[in-house]
Amino acid sequence: MFGRQKASSNRQYLDSTGSGRGAPGGAHYPLKSLRLPVFLIVALSTTVAGGWMMHDILSANGLTIFETTLLVFFVATFSWISVAFWSGFLGFVLQLSNRDPLTLTAQHGIAKSSQLDEFRTAVIMPVYNEDVDRVIAGFETSFRSMVATGNIDHFDFYLLSDSQSEAIKAQELRAWRHLQARLGHLADHIYYRNRTDNKNRKVGNIEEFCQRWGWRYEAMIVLDADSVMTGSCMVDLASRMKANPKLGLLQTVPIPVRQTTTFGRFLQFAASLCSPMLATGLAFWQTDNANYWGHNAIIRVQAFVTSCGLPVLPGKAPFGGEILSHDFVEAALLRRSGWQVLLDAKQGGSFEEVPGNILDYATRDRRWLQGNIQHLGLLGAAKLTLMSRLHMLLGAMAYLTSVLWFVMLLLSSLDAVSRAVAPKEFFSAGYQLFPSWPIAKTGVIISLLVVTACLLLLPKMFSLILACRDNAKSYGGVVRLSASAVFEFFFAVIIAPIMMVFHTCFVFSTLSGVNITWNAQPREGRTLSWGETFRRTWWVSLLALAWAGVTAYYTTTYFYWLLPVVTGLILAAPIIRWSSSPRVGLWLRKHRFLLSPSEACHCIELEELDHSLEQVRYDLSKPALDESINPELLPDVYLAMPKQSLFKYQKPKPAYKPTGTQPIVR
């Protein structure tokens, strides 16, 4: 452990509010009990209407096995589209009227508060074999931003390393000593720990922090290795946690930043444009039963310790073993224990980074998919709220819809080809006076296409309208904003089939029990080689060419409908290669296309991050500092963190306290 001991370290926090039920504080949420039922009724009604239209189309000439299966898959996919649309619509209405999604009161900006008194918060950053320079630079940037607020005495920052590579551990130690030297007396508020045994990965890392040092703090802000959070944002999160004793977790909406590649800038632009609106709609119908995304959130330590001890699930993968996507489950356990879990859609100053190319993005999705599929086995867990089960189901559906879409396309292709090659029978009965002409529901087909297009396109239009009204200059002006939105739409259409195929393969490999290792994800932009892109996509293009050739030969009309899908698949390699280019991405930025507010508004913290990154790289190029800069021990009190039974409810203890001491030897 590296850092310095503080005089207040022996203070123990014992919260007598227990699970948070009945505790004072918090806000009133009008019509809270009606929001979810009404939302589900509206979303399901839309799904039923779309399903009925598809049934009318398919049943006109009699349903085949292919068409019946196609109908079932269409309804499942359409339900996902419906939920996304109505969430976006609600967010649009609320933002258009400047209403808070929880209290429905008029809001004028974000109310800031810094009345922390004795409320102490730890800011923790768990890392595992990450790029040391980027980790230290982001850590220092968030820390210095906190110092600038004047509230540093209420916060401590922890870098919790699970790195196992000896080279990376040595780099972390060198960079940490240089950081201590740069901060001087402010280094009293920073701590570093390397866990030699990274049991249970990130879950075990945070669990050990809570067990050993959590008793010193009322709350903890969890950052990812690529996170940056402004000091004002962290102070506001802590203030809101202090003001509401019922609040167990408050999730912000992290916005991607610092992207240079075309694909990275596409994600960055789309997220900054659409995420706040969608999050506002989600916050409205989820109320105090929102979800946790694993980082850029504040959590009450007592709530986490007493409620979120994760068990090892019985059975084998994909549904058994260690819980991989822990965040959804932790949010569900907090809510099961009576704590509020809120989503703050308006809070600014919360940033993250995303993979800069499609292949790295797909690899990250592969990890998340494996964890989300596992949640399907937890839908029957005891005492979970309906909303928590819905979170788990929708999280899995985010990937399963790709499988459904892929199978739908295959089935419809098989059906179209089989109808094309089958002999036409106009007189199927023995004594039939008039022929049975095939019935084409052209009007219904067009209506369903229009409805589906509206459900997919209108949320993007809503977010564009809000951006034009509120901050078009931050996107380069109305003209460039509109042009960027059009580019974003067509690029999303062209890469959607590629992600569909990747996700389908990932789902089947996960269900077959194939596990992957969870390593550090690449975040810096890089241009992919032609060899790597062809190696990963040649079979996709080959499949698409065969698919297009068969449909074009047997049923030209259907081939034209399929063309947008197979085009992206056939051109997968050049699309992935081109979109990974920082040169093209920087050209777009130079001409202010796909511009995001984080770039146009010159966020101080993001500019400081670039400067800090240069400093860290320079320090790492120098000889190591004097070994006499040694760590001082931090008081270490071990707290029991009980493992929760997911299928048998056990009421958490109302409070927690130290059960003994265990000094650290590092």
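Biologist: At what angle do helix α10 and helix α13 pack, and how far apart are their axes?

Modeller: This is a predicted model. In it, helix α10 (residues 358-374) and helix α13 (residues 478-511) pack at an angle of about 40°. Their axes are 10 Å apart.

Biologist: Which residues make the contact?

Modeller: From α10 they include Leu359, Tyr361 and Leu369. From α13 they include Met499, Phe502 and Phe506. By class, the contact of α10 with α13 has 12 nonpolar, four polar and two charged residues.

Biologist: What makes Gly50 buried?

Modeller: Buried means under 20% relative accessible area. Gly50 has 2% relative accessibility, so Gly50 counts as buried. Its place is in helix α1 (residues 32-58).

Biologist: Which residues is Gly50 in contact with, leaving aside neighbours within four places in sequence?

Modeller: Gly50 touches Phe74, Phe78 and Leu448. Thr452 is 402 residues away along the chain, yet the C-alpha atoms of Gly50 and Thr452 are separated by 8.2 Å.

Biologist: Why do β5 and β7 count as edge strands?

Modeller: Look at the strand order. The open sheet of three strands runs β5-β10-β7, with mixed pairing. β5 (228-229) and β7 (255-256) each have a single partner strand, so one side of each lacks a neighbour in the sheet.

Biologist: How do you know that β7 and β10 pair?

Modeller: Count the bridges. Two strands pair if there are at least two bridges between them. Two bridges join β7 to strand β10 (residues 350-352), so the pair meets the cut-off. The two strands run parallel. Pro256 has Glu352 in β10 as its bridge partner.

Biologist: What makes strand β6 and β9 a pair?

Modeller: The same test, at least two bridges, applies. Strand β6 (residues 247-251) and β9 have four bridges, in the parallel sense. Leu250 stands opposite Leu342 in β9.

Biologist: Which way do the residues of strand β9 point?

Modeller: Gln340 and Leu342 point one way from strand β9 (residues 340-343). Val341 and Leu343 point the other way, and all are buried. In a regular strand the side chains alternate between the two faces of the sheet.

Key
Residues numbered from 1 in each chain as written. Predicted model: local features only at pLDDT ≥ 70, side-chain atom pairs only at ≥ 80, totals over all residues. Heavy atoms only, no water. Buried < 20%, exposed > 50% of the residue type's maximum accessible area, 1.4 Å probe, protein only. Contact = heavy atoms within 4.5 Å. Axes fitted to C-alpha atoms, helices over the stretch in contact; angles between N-to-C directions. Nonpolar A, V, L, I, M, F, W, Y, C, P; charged D, E, K, R; others polar.
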